Amino acid sequence: AMAAPGQNVAVVVHRAGDLRLENRPIPEPGPNEVLLRMHSVGICGSDVHYWQHGRIGDFVVKDPMVLGHEASGTVVKVGSGVMHLKPGDRVAIEPGVPREVDEFCKTGRYNLSPTIFFCATPPDDGNLCRYYKHSASYCYKLPDNVTFEEGALIEPLSVGIHACKRAGVTVGSKVFVSGSGPIGLVNVIIAKMMGAAAVVVTDLSASRLQKAKEVGADFTIQVKNETPQEVASKVESVLGCMPEITVECTGVQACIQAGIYATRSGGTLVLVGLGPEMVTVPIVNAAV
């Protein structure tokens, strides 16, 4: 049943440090949209960062913005043009929806469109709310054996899939994953699924490294105060060789440096983590 007006509670960031619970109107889906009753929404590092700092790089919170972009829910209403979904369907949400068919869309890289709508990236509202409308083409039916919580985690999982595909992980790959937070963990899972022979993970936290072991990491290294070169040599010694692929999931300058030093010549380093806007890297080492 539809909730009464005033029952669409949303988590809204107004500016750095200012987070509020607010009632929003229940939106009306357009012809190619669906209205969803939200079920599970992950809390991303970016959500926390917008709340704490009010900006990420050039994306600045200027007006109140609903947080949340890792999400699943149930269809409660469909627009007149929607054929593949019906009320009661459980779906996962792809948070980026292109607004126009530009060059990026034409070449199949719609996610890079500069005018894309993206949940909880200023100025676009996210879906950490009770009712949310979204483009039906970017809602994906969940099989019965996939829970709502797992459905919400498909978005972060896709980051690992994209990173490992870009890196070319394949049967026999030796992979270094820097950072054992949620994004590091999904990269470990995907690298192993894609056939990696050995995955080594670094982190400051012993408990996070324990979780990396549980999801399939072959080796873990707890970093304390080693230099980037020392971290690189530890990675080489546990793997028995320099990794051909490094997936950097922290954004920390020292970790990016360690990734460059660690990766073998002709290998691939994928930068996934977001840290400070400017970092210093050993570019000569990378080039050579």
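**View 1. Cys 119 and the cysteine closest to its sulfur.** In this predicted model, the sulfur of Cys 119 has its closest cysteine sulfur in Cys 129, at 9.0 Å. A disulfide requires the two sulfur atoms to be within 2.5 Å, and the pair Cys 119 and Cys 129 is therefore too far apart for a bond. Cys 119 counts as buried, because its relative accessibility is 0%.

**View 2. Cys 105 and the cysteine closest to its sulfur.** For Cys 105, the closest cysteine sulfur belongs to Cys 119. The distance is 16 Å, so these two sulfurs are too far from each other for a bond. Searching the whole structure gives zero disulfides.

**View 3. Helices, strands and overall dimensions.** Nine helices and 17 strands are found in the protein. Its radius of gyration is 21 Å, close to the 19 Å that the globule rule gives for 288 residues, so the protein is as compact as a globular protein of that length. The C-alpha trace spans about 60 × 40 × 40 Å along the principal axes.

**View 4. Interior and contacts.** Of the 288 residues in the protein, 44% are buried. When contacts between residues at least 6 apart in sequence are considered, 63% of them join residues at least 24 apart.

**View 5. Surface and charges.** The protein has an accessible surface of about 14,800 Å². Carbon and sulfur atoms account for 57% of that surface. The protein carries 25 positive and 28 negative charges, and the mean positions of the two sets lie 2 Å apart.

Note on methods: Residues numbered from 1 in each chain as written. Predicted model: local features only at pLDDT ≥ 70, side-chain atom pairs only at ≥ 80, totals over all residues. Heavy atoms only, no water. Buried < 20%, exposed > 50% of the residue type's maximum accessible area, 1.4 Å probe, protein only. Helix = DSSP H or I, 4+ residues; strand = E, 2+ residues; numbered from the N terminus. Rg over C-alpha atoms; globule rule 2.2 N^0.38 Å. Contact = heavy atoms within 4.5 Å. Areas by Shrake-Rupley, 256 points an atom, 1.4 Å probe, with all protein chains shown as cover. Lys, Arg positive; Asp, Glu negative; His and termini not counted. Charge placed at Lys NZ, Arg CZ, Asp CG, Glu CD.
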